[in-house]
Amino acid sequence: MAGARNVNNLGGSSRNTPLTGRVPGGLATPLPEDRLRYLTRDGLAETLPPWASYLVRLGRHVALQRVPGRRLVVGVTLPTRDFAAAFTSLGVSAAVYEDPEEQDPRLNFERIASLPQGTSIRFRRQRFLYAGSLRGTKTINGVDHLQYFDGQSLCSLPWHKCNSVEVLDPSKSFVRRRPLAPNADFVSRALGVDPLSHASVTSLDCLMIGVKELLCSDLVDEPFAVASPAGSKCHGFLNDLLRCDAFETNANDHDRTAVLAGSTDEVPERLVQAVPPVVVFDGPQGFVRLRNYWLRSSWIVLLDRTSPGVAAGADAFNQERSLSLEDADLGVLGVPPEAFEVHGYYEVIQ
Amino acid sequence: MRFAGTAHRYEIAQRATATRETVSSPLIRVLANQIRKLSRQFGDDEVDAEWATFLRRLRRTMRELVATPLSPATPALRLEETGDYLSELLRHLTPAYDPSTVAQASLCVTAIRDLSQSWENPFGDLVSEILSTASPTSSALLIKSPHLEEISRWLADLHPNAPTITEFEVPKLHGLDCLVVAGPSLWFPAHLLSAPRAETICFVHYDSVTDRPQPTHLLGGSHRPPGTSIRTAAIERTSTDDDLDAGFIASTVDWDALARLAASRPRSGGDEEAVPANLFLLAGGFAVYLEAGDGPRIDVVSELERGSKPRLRGEPTRTVEPGNYIVLRSEGGSGDYIPGIADALLGKSAKEHRELQRLWKSALRKAVAERSNARVERELKALGIRSPNLRYRMWSGSLRSERPEDFRILMDYIGLGDQKDRIWNAMGHLADAHLRAGQEVRKRLEEKLLSSDPDAIIRSGRLDVRLDGTDAGTLSVVRVERRAPDQTTLDEDQLRVMFKVEADLWQG
């Protein structure tokens, strides 16, 4: 996540965009919850049930609610935790996505060019992810180029193709060239974005805190489908859309969602300092233990009513709520599913 | 297709209805009435230990009867033995107490003796009748009785396709047509109604016990309680003063009695550090103390359900909570099993490394004893250690800090600067061996878990595993059922040691 560019980039008027129609970053209707299909035991592709759609809408709403000096905290109790954090985070992630192709390449060129020679970088070129070692800049035919060594030869990249160049985290393995987005079609149809751009920049769109093994089952093991206007279907996984750092297919993939174990003793420094747009607490353990972090982010607290520690989680939520500024009106999301209990409140950002 | 199963759970949650059916039994009514009268004689007065034992056994007996849809004369209920036990207790109590109280207690014993001869089973008959109207392949009986095996056998004869389940199995259910619950709803988790796993839920219990609804909402100010609530029959018997409140005979834990039992256990007598600890009740009538401070971890099983791959993950002991399945050594030694296996992996060098570990622990404890915890912590911070976490450092199981420079500062501080590199390297060898030992044990335990029936483990709350070729002895994957409300402090050698607790000692 080092070198992440979008960690705090939530400024801009687009944050108050309504829930339907065009949302920030170029996402167009229909929205992901309308496009995604789940697979029945008979292999049929069905539209998402209302509870799943509500969770995507909730994630989007919390991500887009930007009231100066305040943050929104929403608690939801549900009959099961399965897929709840995954769909909520999908709503967040899709809402805050900003296409790197729309960023100013000159600014990024200058940022990267200012780094010391030898810095490892990675970048997208067409359908592939490349890695290299920075060697400075050079003007070729009057055009500024970034120079890097790809392990075999010295290469040059013109400044206007530098949107996606990022520093490669030293902990990531150096792979010279490999395909960028294996489920590109699924991502494109589900999110309505350029899947290669989506996969070419590291960002912290959302932080999920829960039991990694359970989240992995929801995100990586369960196939979903997206229908095209022509009626054909393609399959993929929610992790293709969320790009979680804990469930990377390849060692140096770009991530968009961070996953942290609720039981962790030590929060990594890169996350302590970060201000993710939304933190999704999947279960009471992480909420009870880690709620002193990310006090500048909005939160969604998901509590499975069958979970052993749910009473402690609900008590903590109620206590925070009693000290809050005011309750939040979530009516814009429509009536919550009968199986849910939903409450929200605003807090002053310290 | 897990998602389809989840979607089905939501459909069930939306459609579920809950009802209550009560059953009459004159003999149960007499016992309930006598217990109520006896408890009224004591009122709110504190009772002495002998009466407390008598009342605890009485309540437990009544609870078992109300939770068990079998004939009271069934040998598993051991009512005759209970009658003898209570008579004997009463014989000791007779000379010292108010005769009317003793006479009332005698009536309770007589009622139990009468029940011990009764082969009628109106409770079981009603349970069976309800199940016979439900879908035979999508029904279950939920019980909270200790007589799981006997009830399962009884039900299997009458309804071979309807399993008997425990409350721990309920969250994993994907959705039944009918769930019959033996006992008042107050005794079961609220999620039975707030996150229902069956379209029809029917609570069945004796009419001499009064049930009370539990709140199903968790977030304050909820305008609409989630899930379903119990609808009662149009014509239902009105409860009277003779009835027993379900809360009065609900299972309670005497944590003080458990703590006293733990304190009376034999000690190693070594130079042990006193550490904060939490007391847990485990499935099968066992208890254990686990570290309450930062640092120590314990293996916890996740994904323990049919069709999934159970995994072990290290969790801080302080975050262990009811419902977790933890790994403890139940035979062949006590306490944490990892150091023993790690030492076996290291061979002869282990002894020297352990001596160095003891050396620096002892030096640190001495420094703290001389200068106070706060002062040492402050001075270490001033020397450049960002987070000294002294309690963890003093814990005999901790090895070394993450940052080598922190460790070197600490060694200089406690007067072992001349050996700091040697100790750092030794602790590194131990850390590597602990890691390898943990990985090896986890891998083999996971293999055993994979080849075991997860439903059986969830039902019994325990799986014993012997890992051949290791020094771990017998390890038990065991469910945590309750956690004491207050922390305590005790010596390290008392930690992670399972001990048996007799129900009469602590169970109200």
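Modeller: Let me begin with a term: buried area is the accessible area, taken with a 1.4 Å probe, that two parts lose on being put together, summed over both. Please keep in mind throughout that this is a predicted model.

Colleague: How much area is buried between chain A and chain B?

Modeller: The contact involves 47 residues of chain A and 40 residues of chain B. Within chain A, A:Glu213, A:Arg305 and A:Glu341 lose the most area to chain B, together 16% of what that side buries. Carbon and sulfur atoms give 55% of the area buried between the two chains, and that area comes to about 3,800 Å².

Colleague: Which element gives the largest share of the side of chain A that touches chain B?

Modeller: The rule finds 14 residue pairs in polar contact across the interface of chain A and chain B. On the side of chain A, the elements that give two or more residues include helix 2 (50-64), helix 7 (212-221) and strand 17 (341-348). The largest share, five residues, comes from helix 11 of chain A.

Colleague: Which residue of chain B forms a salt bridge with A:Asp82?

Modeller: In general, side chains of opposite charge can pair when their charged atoms come close. Across the interface of chain A and chain B, three salt bridges are found. For A:Asp82 the closest N and O atoms are 3.3 Å apart, and the partner is B:Arg9.

Colleague: Which residues are joined with that pair into one network by salt bridges that share partners?

Modeller: The network holds A:Asp82 and B:Arg9 themselves.

Colleague: What is the pairing of the open sheet of seven strands in chain A?

Modeller: The order of the strands is 13-10-14-15-3-17-16, and strand 13 and strand 16 (326-327) are the edge strands, each pairing on one side only. Strand 10 (residues 206-210) and strand 14 (residues 278-282) of chain A pair in the parallel sense over four bridges, with A:Val279 as the bridge partner of A:Leu207. Taken over the seven strands, the pairing is mixed.

Colleague: What is the phi of A:Phe83, and where does this residue lie?

Modeller: A:Phe83 counts as buried, at 0% relative accessibility. A:Phe83 lies in the loop between strand 3 (70-78) and helix 3 (84-96) of chain A. Although A:Phe83 is not a glycine, its phi is positive, at about 65°.

Colleague: What distance separates the centres of domain 1 and domain 4 of chain B?

Modeller: The domain assignment gives domain 1 of chain B as 3-24 + 122-237 and domain 4 as 342-433. Taken over C-alpha atoms, the centres of these two domains are separated by 54 Å.

How values were computed. Residues numbered from 1 in each chain as written. Chains lettered and ligands numbered in written order. Predicted model: local features only at pLDDT ≥ 70, side-chain atom pairs only at ≥ 80, totals over all residues. Heavy atoms only, no water. Buried < 20%, exposed > 50% of the residue type's maximum accessible area, 1.4 Å probe, protein only. Pairing = 2+ DSSP bridges. Domains from an automatic or database assignment. Contact = heavy atoms within 4.5 Å. Salt bridge = Lys/Arg side-chain N within 4 Å of Asp/Glu carboxyl O. Polar contact = N/O pair within 3.5 Å; in protein donor to acceptor, adjacent residues only side chain to side chain.
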